[in-house]
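The structure is shown first.

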Amino acid sequence: MSRPDIEATAEQVFVALADPTRRAILAALASGGPATATDLAGRLPITRQAIAKHLALLAEAGLVTAEQGERRRVRYRLRSAPMQVAQQFLAALARDWDGSLDALKVHLERPEARQGDTK
Amino acid sequence: MAFPDRIERTVEIAHPPAKVWAALTTAEGLSAWFGKDAAIDLRPGGTASMRWDSGHTADMRVERVEEPVVFGFTWHIYGLPEDDPRRTYVEFTLEPAGAGTRLTVVESGFAQLPEDAFRTAYDGNTRGWSSELGELVDYLDVAA
C-alpha cells in the first residue's frame with residue numbers, strides 16, 4: 001500500500017465508525033462472529049434493509065467481507081486490517097509527548113530536586 | 001488528512017545533560033516522570049519496561065546508548081494487538097545549552113506498513129484461524 005492508500009484507508013475507517021448503526025454492526029460481528037444481514041436484523045433494532053445498506057458501505061471500506069454461508073446465504077465477516085491502519089494514526093495522536101516532557105521538566109526543575117534527593 | 005509518521009519535540013531543561021541523562025536512562029529516573037514502575041537494562045539490545053496506574057504497560061528494547069548524548073529505544077505501537085511486530089523508534093538527543101540541556105525527542109514509524117506483505121500476512125492469518133477452528137469443529141463432531 002502506498003501512503004495515499006493508507007490515508008484513504010484510515011479515512012474510510014473513521015467515516016464508517018462515525019455512524020452509530022455501523023458501529024453497532026461492527027461490534028456485533030466482533031463479539032458474535034460472522035453473520036448474515038438477517039441474523040444482524042434479529043439482534044439489532046434496525047431493519048434488514050438498513051443493515052444491508054450499511055454492510056455494503058462497510059464492505060466498500062474493506063471492514064467486512066462477504067462470504068458464502070450455509071444454504072447459500074451471504075455471511076459477513078469482520079476484517080480488522082483497515083482498523084489497524086487507522087490505529088496507527090490514533091497512536092500518534094495518543095502518544096502525548098507534551099505531557100511526558102512537561103512532567104520531566106517539572107521533575108528535574110522542582111526546587112527540592114536542586115538540593116538533592118528528597119525521597 | 002495528515003498521517004503523521006513522526007513526532008518531534010524539543011524542551012529546554014535547566015539542568016546539565018548528566019542529570020537529564022539519569023532521568024531518561026535509570027529505573028529511578030524513569031519512574032519519577034514517565035511510567036510508574038520502571039526497569040531498564042541499559043545496553044543496546046537490553047529490555048526496559050514501564051507500568052502505569054491505568055494498568056497500561058510498555059516494553060521497550062534499548063537500541064542506542066551514547067552517554068550522555070543519545071538514548072534510543074523501540075516500543076510497541078499503542079493500540080495495535082500485543083503480538084503485532086511493528087514498533088516505533090524513540091530517540092532522545094541531549095545538547096548542552098548554557099548551564100542546562102536542550103532535549104529533543106523524536107518518535108518515528110507511525111505510518112509504517114510493510115507494503116503488501118501486511119495485507120497478505122494479515123489476511124493469511126485470518127484465513128488460517130478460520131480453517132484451524134473449522135478443523136477443531138470437525139474433530140469434535142467426529143469425537144462426539
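## Fold of chain B

Among contacts in chain B between residues at least 6 apart in sequence, 32% join residues at least 24 apart. The model discussed here is a predicted one. Chain B contains three helices and seven strands, and when read along the sequence these elements follow the pattern β-α-α-β-β-β-β-β-β-α. Of the 144 residues in chain B, 17% are buried.

## The sheet of chain B and its packing

The strands of chain B form an open sheet of seven in the order β1-β7-β6-β5-β4-β3-β2, with antiparallel pairing. Its edge strands are β1 and β2 (37–40) of chain B, each of which pairs on one side only, and the twist from one strand to the next averages 20°. In general, strands of a sheet pair through backbone hydrogen bonds, in either a parallel or an antiparallel sense.

## The contact between the chains

The contact between the two chains takes 27 residues from chain A and 29 residues from chain B. On the side of chain B that touches chain A, at least two residues each are supplied by β1 (6–13), α1 (17–25), α2 (27–33), β7 (100–108) and α3 (115–143) of chain B. Helix α3(B) gives the most to this side, with five residues. Sorted by class, the side of chain B that touches chain A has 20 nonpolar, seven charged and two polar residues.

From the other chain, helix α6 (residues 97–109) of chain A lies across β1 and β7 of chain B, and runs at about 20° to β1(B).

Strand β1 (residues 64–68) of chain A and strand β2 (residues 74–78) of chain A are paired in the antiparallel sense over five bridges, with T65(A) standing opposite R77(A) in β2(A). The hairpin formed by β1(A) and β2(A) has five residues between the strands, and in this hairpin R71(A) takes a positive phi near 50°.

Helix α5 (residues 81–94) of chain A has 14 residues and reaches 20 Å from its first C-alpha to its last, close to the 20 Å expected at 1.5 Å a residue. The buried residues of α5(A) are P82(A), M83(A), V85(A), A86(A), Q87(A), Q88(A), F89(A), A91(A) and A92(A). What makes F89(A) count as buried? F89(A) has 23 C-beta neighbours inside 10 Å, and therefore counts as buried. In sequence F89(A) and I6(A) are 83 residues apart, whereas in space they are 9.8 Å apart, C-alpha to C-alpha.

Most residues other than glycine have a negative phi, and most peptide bonds are trans. D96(A), found in the loop between α5 and α6 of chain A, has a phi near 50°, a positive value in a residue other than glycine. D96(A) is exposed, because there are 11 other C-beta atoms within 10 Å.

In chain B, the peptide bond from E67(B) to P68(B) is cis, with omega near -5°, and P68(B) lies in the loop between β4 (57–66) and β5 of chain B.

## Confidence of the prediction

The predictor gives the complex an ipTM of 0.73 and a pTM of 0.74. Chain B averages a pLDDT of 83, with 76% of the residues scoring at least 70, while the mean pLDDT of chain A is 86, with 90% of its residues reaching 70 or more.

Within chain A, confidence is highest in helix α2 (residues 20–32) of chain A, at 95, and lowest in helix α7 (residues 111–114) of chain A, at a mean of 60. Over residues 114–119 of chain A the pLDDT is below 50, and beyond near neighbours in sequence this stretch has one contact in the model. Where pLDDT is low, the predicted coordinates should not be read in detail.

Definitions and conventions:
Residues are numbered from 1 along each chain as its sequence is written. Chains are lettered from A and ligands numbered from 1 in the order in which they are written. This is a predicted model: local features need pLDDT of at least 70, side-chain atom pairs count only at pLDDT 80 or more; totals for chains, interfaces and linings use all residues. Helices (H or I, at least four residues) and strands (E, at least two) are DSSP runs, numbered from the N terminus. The expected span of a helix is 1.5 Å times one less than its number of residues. A residue is buried if 20 or more other C-beta atoms lie within 10 Å of its own, exposed if 12 or fewer, and partly exposed in between; C-beta atoms are placed from the backbone. Two strands pair if DSSP finds at least two bridges between them. Two residues are in contact if their C-beta atoms, placed from the backbone, lie within 7 Å. Ala, Val, Leu, Ile, Met, Phe, Trp, Tyr, Cys and Pro count as nonpolar, Asp, Glu, Lys and Arg as charged, and the others, Gly among them, as polar. Axes are lines fitted to C-alpha atoms, for helices over the stretch in contact, and angles run from 0 to 180 degrees between N-to-C directions. pLDDT is the predictor's confidence in each residue, from 0 to 100.
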